[in-house]
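Please look over the sequence and the model shown here before reading on.

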Amino acid sequence: MFFFVLRRLVGGLPTLLLVTVMVFALTRVLPGDPARLLLGEEATPELVAQIREELGLNRPILVQYADWLWSLMQGDLGRSIRGNEQVAPIIWQKLPTTLELSFFSLLVAILIGIPAGVLAALRRNTVADAGVTVLALSGISIPNFFLGILLIYLFSIRLAWIPPSGYVEPWVDLQKNLLLMLMPALTLGTALAGAIARFTRNSMLEVLSQDYVRTARAKGLEGRVVVYKHALRNAAIPVVTVIGLQLGGLLGGAVVTEQVFSIPGFGRLLVDSVFNRDFPVLQAVVLISALAVFLINVLTDLLYAAIDPRIRYH
Amino acid sequence: MKQWLAAVVLWSLGGLGLAQTVTVGLDADPPNLDPLLSSALVDRQVHNQIYDKLVDLDENLRIVPMLATSWRVEENGTVYVFTLRQGVKFHDGTDFNAEAVKFNLDRYRSAPGSRRSGELSLITNVQVVNPTTVRVILKEPFAPFLAILSDRSGMMVSPTAVQRLGAEFGNNPVGTGPFKFVERRRQDRIVLARNENYWQRGFPRIEQLVYRPFPDDDVRVANLLSGAVSIITPVAAKDLAAIRNNPNLTVNNFPGIGYQGIWLNHTRGPFTNKALRQAFAATIDRDVVDRVVFLGTALPSNGPFPPGTLAHDKSIAVPKRDLALARQKLAEGGRPQGFSFTLTIAPGPVLAQLAQVYQAMAAEAGIQVRIEQVEFGTLLDRAAKLELEAVAVGWSGRPDPDGNIYDFVRCKAANNYSGYCNARVDNLLNRARTVRLPEARRDLYSQITKIIQEDLPYIYVYHPQTTIGLSRRLSGIPVIPDGILRFRGASLGGQ
């Protein structure tokens, strides 16, 4: 087990190196000069040239990459072009927010998605099944910004129950923090719940038609035990895979939802850094997100073993 | 640590409703709180609470005392002698005095990467006469000088803090202003607290000021409607009705100092031909633009100087739409059947709508407008290289007329996106900088406006207004055309 994890982690290093190359190349092919964007209305050719020099943007691209990689290996993520501050503290500041939002969204998604999927599978081809399918498809297809604005309109403006947007750290005011997390978590969670429900349904249907389920039933086991202990557990593996993939996406930043609810997480940082061509921040966000996806993949693999004892890692 | 504790205390007080907190919704997160490095307009909203300036502007854009109580202009406009306010302290407890003024002006004009160096390039020397007197010597007379000191170049930061914090100063700004910096979380909030030792007794009235960025118009207005913020700026024209219909809220519209319009490239494409420029310009109906796109909140423009500013000349008519003239000019330009060109715009719903209105109006004269949307940085880049045939870029405006025109229509000026070059205009522009008599300056700027209306490097279409949506409980915010909300005298009544 330990060696498996170690092997996976070491094996991931070339992937991450490749990611650094991709990230760097992608940021540099973006049109638009960061120096000019930074100076905005104040741009004079002399100042633009001076800033480009200062930021090292006039050096050969390979030199810039090597320089960035070298700093990265020393744990230095560089300085933000836009805000003229260290990137690492910005990332650390945003990380808990993004983790919290991801956690709650996933919680909503699982709490809705899995029971709905199980229900749809058990009541296959009934009104309940159709209902779940329709809801799942709506969840997937309603754009986040629309649902978000709808929720704000209903709960903040009409009913005045919840502040429309913003973020308060849980250690400052836990109650307010949870209240503010409610709408964004619902917005993101319902979208993910749809996918989870569909996968759970399909996977359950497959498992429920297997011989051992029939055997379990024939043995006279209670329906609930058959469904939860025998069927759901075995149906869980593809569902866990989907959840893992979604969590990876969430950690990369829920761009639209964060924008609508003014949550200062990775998503907004990403958008802002793209628009401002703030390369150091952009590179750091993408790299950290890639790292998160990679780690979640390793975790998902480990979860398979926990769910299905037949799976062993050596 | 201390700052962090203060933030926690203030924040929890805010939650309990004990502190008088005003929360301001802005359209962007202010990137840089150090005036030296600031190049975004939105920065100034926060700067103006943390820093005092040597001079300020009043409702009529007149220069009024702030940290300088009075000034004399000597030697034909090349020497400014400022008398400074006494007993003023920076938020870190150090004294504001003539040494601090010298430090600041020298820093702005010579620190590496200073965004202010251009504005202050004519200063040759700053002399400390005594602790409350400073002499600033200019290379040549420069009429906009005081107006420039009413903006970021006149903001006084604590020299001690700059020396102590170095590159981190912008993240822990220290000034003499009515509010002190407490904390910032990028893309979330900037928290300021009342400066208890402010030099103007009894001010500021509110205890805490919080800035929150809402780039999306809908989200910004939703926060105002729900009461989560007390004031927002700007307000999208489409949202004005929702605010007006709410009994707790009100809208404040006032003329701004900037302009919006279209650059026409004189170096490539159809607009090398003057008659074709005039033909397209004649298709634009400024009143329709105002009514359709801005629901009556913009002012049709006759040139770079909006009504209410020094150089505005109301005897120069706002050009009217004239299709007959457009057709005549098309024939004159050798294209009686019309022509086509590409209008490049930055992304955004209002800009897109505006471009479509231009497109529809031009089509009636047979001019086909292709609309191309390009991300803003790329747009600036290509516009500066004169690669675009026509580009819609405006200007936020400066209180002195020079700031609205000098760097735009002069030959090879940094922001001249048309490639226009007219020696007569350059000559007039340079003269208008050195003359100090307002009437004489106005006359020079009127001459320039008329030439530009004829030559059309730029079609001035409208002057945007500053729009503010605010709670009726909030009062004491002066209406100053530079669009900056000053919270020194603000108060929150009727709890």
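## A term needed first

A crossing of two helices is called left-handed if the near helix is turned anticlockwise from the far one by less than a right angle, and right-handed if the turn is clockwise. The model to which this term is applied below is a predicted one.

## Chain A as a whole

The secondary structure of chain A consists of 13 helices and zero strands, so that reading along the sequence gives the pattern α-α-α-α-α-α-α-α-α-α-α-α-α.

The mean pLDDT of chain A is 83, and 98% of the residues score at least 70. Among the elements of chain A, helix α5 (residues 87-122) has the highest mean pLDDT, at 88, whereas helix α9 (residues 211-218) has the lowest, at 77. Where pLDDT is low, the predicted coordinates should not be read in detail.

## Two helix pairs in chain A

Two packed helices are described by the angle between their axes and the distance between the axes. For helix α1 (residues 2-29) and helix α4 (residues 61-73) of chain A, the axes come within 11 Å and cross at roughly 135 degrees, which makes α1(A) oblique to α4(A). The crossing in which α1(A) passes α4(A) is right-handed. On the side of α1(A), the contact is made by Leu17(A), Thr20(A), Val21(A), Val23(A), Phe24(A) and Arg28(A), while α4(A) contributes Ile61(A), Gln64(A), Tyr65(A), Trp68(A), Leu69(A) and Leu72(A). Sorted by class, the residues of this contact between α1(A) and α4(A) are nine nonpolar, two polar and one charged.

Helix α10 (residues 223-251) and helix α13 (residues 279-307) of chain A pack with their axes 9 Å apart and at an angle of about 165 degrees. Angles over 145 degrees count as roughly antiparallel, and α10(A) and α13(A) are therefore roughly antiparallel to each other. Here too the crossing, in which α10(A) passes α13(A), is right-handed. The residues that make the contact include Arg233(A), Ala236(A), Ile237(A) and Val240(A) of α10(A), together with Ser289(A), Ala292(A), Val293(A) and Ile296(A) of α13(A). The contact of α10(A) with α13(A) divides into 12 nonpolar residues, five polar and one charged.

## A helix pair in chain B

In chain B, the axes of helix α8 (residues 274-282) and helix α10 (residues 323-332) come within 8 Å and cross at roughly 165 degrees, and α8(B) and α10(B) are therefore roughly antiparallel to each other. The crossing of α8(B) and α10(B) is left-handed. In this contact, Ala275(B), Leu276(B), Gln278(B), Ala279(B) and Ala282(B) of α8(B) meet Leu325(B), Ala326(B), Lys329(B), Leu330(B) and Glu332(B) of α10(B). By class, the contact of α8(B) with α10(B) has seven nonpolar residues, one polar and two charged.

## Backbone details in the loops of chain B

The bond from Phe203(B) to Pro204(B) is cis, with omega near -10 degrees, and Pro204(B) lies in the loop between β9 (189-194) and β10 (208-213) of chain B. The bond from Thr233(B) to Pro234(B) is likewise cis, with omega near -5 degrees, and Pro234(B) is found in the loop between β11 (231-232) and α7 (240-244) of chain B.

A positive phi of about 60 degrees is found at Leu386(B), although this residue is not a glycine; Leu386(B) is placed in the loop between α12 (376-384) and β17 (390-391) of chain B. Lys412(B), which is not a glycine either, also has a positive phi of about 60 degrees, and its place is in the loop between α13 (406-409) and α14 (423-434) of chain B. With a relative accessibility of 81%, Lys412(B) counts as exposed.

## Asp290 of chain B

Asp290(B) is placed in helix α9 (residues 286-294) of chain B. Is Asp290(B) buried or exposed? Its relative accessible area is 11%, and Asp290(B) is therefore buried. Leaving aside residues up to four places away in sequence, Asp290(B) touches Leu295(B), Gly296(B), Thr297(B), Ala298(B) and Pro300(B). For Pro300(B), the separation from Asp290(B) is 10 residues in sequence and 6.9 Å in space, C-alpha to C-alpha.

Key. Residues numbered from 1 in each chain as written. Chains lettered and ligands numbered in written order. Predicted model: local features only at pLDDT ≥ 70, side-chain atom pairs only at ≥ 80, totals over all residues. Heavy atoms only, no water. Axes fitted to C-alpha atoms, helices over the stretch in contact; angles between N-to-C directions. Helix = DSSP H or I, 4+ residues; strand = E, 2+ residues; numbered from the N terminus. Parallel < 35°, antiparallel > 145°, perpendicular 65-115°, else oblique. Contact = heavy atoms within 4.5 Å. Nonpolar A, V, L, I, M, F, W, Y, C, P; charged D, E, K, R; others polar. pLDDT = per-residue confidence, 0-100. Buried < 20%, exposed > 50% of the residue type's maximum accessible area, 1.4 Å probe, protein only.
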